[in-house]
Amino acid sequence: MQTPRFLPCGDTALTVEFGSAIDPGLNGKVLALDSLLRANPPAGLIETVPTYRSLTLQFDPTITDYDALIHLLEEASTGLQPQAAMGTRWRVPVVYGGEYGVDLDDVAERHGLTPSRLIELHSAAVYRIYMIGFIPGFAYLGGLDPRIATSRRTQPRLKVPSGSIMIGGEQAGIVPMEMPSGWHLLGRTPVLSYAPGRDPAFLFAAGDEVVFDPIDASRWNDLERAALAGEPVAEPVHA
Amino acid sequence: MTDLVVKNCGPMTSLQDWGRIGYQRFGVSPSGAMDRRCLAMANALVGNAPEVAAIEFMNLGGSFTCEGGSLHVALVGAGCMASLDGKPLEPDTTIVLNEGDTLQVGHPRSGTFAYLAVAGGFMVEPQLGSLSFHPRSRLGGLNGAALKAGDRLSCRPDAQQGAPGHLPLAPIEDSGPIRVIMGPQDDYFTQEAIRTFLSAEFTISPQADRMGFQLNGPQLEHGNGFNIVSDGIVDGHIQVPGSGLPIVLMRDRQTAGGYPKIATIISADLGRFAQMRPGSPVRFRAVSRDEAVAAARRLKEWLGALPSALVPLRFELTTDHLLSTNLIGGMVDAHAPQTSDPSE
């Protein structure tokens, strides 16, 4: 078993790097180590941040014994079993195309598909949430059908609307709030993955899964009202 | 109930505490005071714990009226001078505000960030465990926003109003190159780039805010491309995008990023770095983990000793008397003319 690399991040943090690729196995190890540390936090540990292929640990350097921490991490990484989908599988309603997904027709044409075939391929996959980051609640999804992988726009948009369902390269994402992006907009969901003041403020976590449920635009207003009232609108489903 | 009412202030005036802990996994920046040393000093002067939320000023001052009672406040940082109804006040000293008083906070002069603390802290509901304002998350501050004219900050009526005091302290380790620990991605750079980074003089660019400080200077060459799979970011990370010009990531930074990070500023030097104004020269020196941890311990001890360093103040003391007893040593500009108010 290959040992991870320990990368120093100043005196208050270090990154445990399992590899350099975007890969479910590597991400599974990240999440497994994250769970271990959260269940049994070593002295001085403040926060852990899982990303695609590494886990960043922040700690108080005046409390944490760095050498002991490295030793503990080496031991914990030996025989670490990648965690598969450990979280919730969410069904997320999406209105595809039109004003909700202004790039749908263009992306379909690029791949020689009809828009409805593109919707089929996009909504047939089970996506894994590799990480949440960039801005609060932005979910980086893996699992896009490689047949519809689409190179990013040459000109990023300064603003894409909240709830946008996007693809960029082989990645997919759910936009929690208006943000800049060079990804392609296929549709939009009324689900608010981040709502300050709602309990819980965040719906999704790294390790959760997402499936997209195409819905008719006529349902948008009701679902949006429910989401703004604090309802999750996304539903947990059983695999 | 005593309120501090904002008469005017700069656009980046906000509530900041030690930061928001535990939500980076959801993409939420930690935020918090850019210079914890000054926040802790201001809090010590009003009898608060170091991490209690205060008003952070960035580049501009402001003015505030005290309504409904009296209040102990303190202003610390960046050579910022306060005056009460037009009368200049001693720096780094507890200020007693009475009903109807107007406190004027001048511009930060020798740095960027200053802190106004009130005894007992503000009666503002924390969001995700912190009062720190973070614009992109729409979290913290007063109703998820920066402070503006007309805002009313309620203070705790039961706050212990301790004896007014003065903090005759020299800033801790306030000179020399900014210390860094190399990594996490120093292996993405050429040997020449590493040598340049550790020997050249950079300057703080005007693009410097609570998210990050862009540096001007020689370009640092990547030896191994400049795209990595996004990984975790910490305060003080020095990332180098394709332009080769470093950006130091500060408290409002994103939680993950895809540019290689050549080095990380050690925690003890972050506050000092944050106070460097655009145009200031900056050099970096690589240190060992042991040296960085020793510096972190010294800073922690210094923060812990602030309450006992407080010298009780007797009101009849004049500025001349304070100077003669060297209580405000280091504040050579105690008599300098007050800079003009920002928004009048």
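Thr88(A) is partly exposed, with a relative accessible area of 29%. The model is predicted. A search of the whole structure finds zero disulfides over all chains. The largest pocket holds about 1000 Å³ of space, and the largest cavity has a volume of about 50 Å³.

**Thr88(A) and its surroundings**

- Thr88(A) sits in the loop between helix H2 (66-77) and strand E5 (89-96) of chain A.
- Leaving out residues up to four places away in sequence, Thr88(A) touches Asp208(A), Glu209(A) and Pro236(A).
- Phe204(A) is 116 residues from Thr88(A) along the chain, yet their C-alpha atoms are separated by 8.2 Å.

**Cysteines**

- A disulfide is a covalent bond between the sulfur atoms of two cysteines.
- The search over all chains gives zero of them.
- Cys38(B) is in no disulfide, and the nearest cysteine sulfur, that of Cys80(B), is 9.9 Å away.
- Cys38(B) counts as buried because its relative accessibility is 10%, and the cut-off for buried is under 20%.
- The limit for a disulfide is within 2.5 Å.
- Cys66(B) also counts as buried, at 0% relative accessibility.

**The largest pocket**

- Rolling a probe the size of a water molecule over the atoms shows where empty space is left.
- In the largest pocket, that space comes to about 1000 Å³.
- The lining has 32 residues, and the closest to the pocket centre are Phe134(A), Tyr140(A), Arg152(A), Ser230(B) and Gly258(B).
- Two or more lining residues come from each of these elements: strand E11 (179-181) of chain A and strand E19 (256-257) of chain B.
- E11(A) gives the most, with three residues.
- By class, this lining has 19 nonpolar, nine polar and four charged residues.

**The second largest pocket**

- The volume of the second largest pocket is about 900 Å³.
- Chain A supplies at least two lining residues from each of strand E3 (45-50) and strand E4 (54-59).
- H4(B) provides the largest share of the lining, five residues.
- This lining divides into 16 nonpolar, 11 polar and 12 charged residues.

**Cavities**

- How many cavities of 30 Å³ or more are there? The count comes to two.
- The largest cavity has a volume of about 50 Å³.
- Residues lining the largest cavity include Leu75(B), Cys80(B), Met81(B), Glu90(B) and Asp92(B).
- The lining of the largest cavity divides into seven nonpolar, one polar and two charged residues.
- The second largest cavity holds about 30 Å³ of space.
- Met34(B), Asp235(B), Gly236(B), Leu249(B), Met250(B), Arg251(B) and Leu270(B) line the second largest cavity.
- By class, the lining of the second largest cavity has four nonpolar, one polar and two charged residues.

Key: Residues are numbered from 1 along each chain as its sequence is written. Chains are lettered from A and ligands numbered from 1 in the order in which they are written. This is a predicted model: local features need pLDDT of at least 70, side-chain atom pairs count only at pLDDT 80 or more; totals for chains, interfaces and linings use all residues. Side-chain values use heavy atoms; hydrogens and water are left out. Buried means under 20% relative accessible area, exposed over 50%, partly exposed in between (1.4 Å probe, protein chains only). On a 1 Å grid over the protein atoms alone, a cavity is a set of points where a 1.4 Å probe fits but cannot get out, and a pocket is an open set with protein on both sides within 12 Å along at least five of seven lines; lining residues have an atom within 4 Å of a point. Grid points are joined across faces, edges and corners, and a volume is the space filled by probe spheres set on the points. Helices (H or I, at least four residues) and strands (E, at least two) are DSSP runs, numbered from the N terminus. Ala, Val, Leu, Ile, Met, Phe, Trp, Tyr, Cys and Pro count as nonpolar, Asp, Glu, Lys and Arg as charged, and the others, Gly among them, as polar. Contact means heavy atoms within 4.5 Å.
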